[in-house]
Amino acid sequence: MTGTGTKADPYIVYTWSELLSTVVQEDVYVELGSDIDCKELGAITIENSYEFRCYLEGNGYSIKNLYLYHSSSVFYFSKNHPISNLTFKNIYMDNAYALFRFKSDPPMYYYLPTFINCHFSAELVNDSNFIDNITTHLYCAVFRKCTFHILCKDSQFTRVRSYSQDIRPILLDNCVLEIYGTSQDSVFSAQL
């Protein structure tokens, strides 16, 4: 890893562990310096979510071959910083709670992120969820110019708490979604 985390000198990360150590830092700037291939990690279990607090520029690179097994949500968002030009490729989730968790109770509802030009391909099995929403207000995470290619096998794309199903948990702006497979009690709730 190089850089100091400032806007002029962002952290440049090359590995999964470097990424996890930087995204939790308050208001730092992080860029990917190459694809991050998680294949050698094998099946990993995330026990506690990583609170995502940074600005992240993917530079067109990918986080790929991530295999999550019996995991908590991986990234919990508490800042409204953008995540741009990043691909999550070949993500496999087996009984995984969620890749992303968005919560918008006061005062958190001012701090939901915007994903810009990001791309996601994933396979979800055994009651996994791609996105977990805990939303009680009209604020939501935003996806702009993003694509989703998600296979759900007895899983769901979005998990939405019952008290929020009538509210927009995510906003999709100029996105392409390809979601297919089987699901259990699936709820897809978004504003297009």
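C38 counts as buried, because its relative accessibility is 1% (buried means under 20% relative accessible area, exposed over 50% and partly exposed in between, with a 1.4 Å probe and protein chains only). C152, at 4% relative accessibility, therefore counts as buried too. Zero disulfides turn up in a search of the whole structure (a disulfide is a pair of cysteine sulfur atoms within 2.5 Å).

The model is predicted: local features need pLDDT of at least 70, side-chain atom pairs count only at pLDDT 80 or more, and totals for chains, interfaces and linings use all residues. Residues are numbered from 1 along each chain as its sequence is written, and side-chain values use heavy atoms, with hydrogens and water left out.

The chain has 20 strands and one helix (DSSP runs numbered from the N terminus: helices are H or I with at least four residues, strands are E with at least two). It has 192 residues, and 47% of them count as buried. The accessible surface of the chain comes to about 8800 Å². Carbon and sulfur atoms account for 46% of that surface (areas come from the Shrake-Rupley method with a 1.4 Å probe; for residues, only the protein chains shown count as cover).

Helix α1 spans residues 16-23. Six of its eight residues are buried, so the helix is largely enclosed by the rest of the structure. The buried residues of α1 are W16, E18, L19, L20, T22 and V23.

W16 also belongs to an aromatic cluster. The structure holds 18 aromatic pairs (rings of Phe, Tyr and Trp, the last by its six-membered ring, pair if their centres lie within 6.5 Å; planes under 30 degrees apart count as stacked, over 60 as edge-to-face and the rest as tilted). The ring centres of F100 and F120 are 5.9 Å apart and the planes stand at 80 degrees, so this pair is edge-to-face. F100 lies in strand β12 (residues 98-103) and F120 in strand β14 (residues 119-125), so the pair ties together parts that are 20 residues apart in sequence. F100 counts as buried because its relative accessibility is 1%. F120, at 3% relative accessibility, also counts as buried. F120 forms an edge-to-face pair with F115 as well, at 6.1 Å centre to centre and 70 degrees between the planes. Both F115 and F120 are buried.
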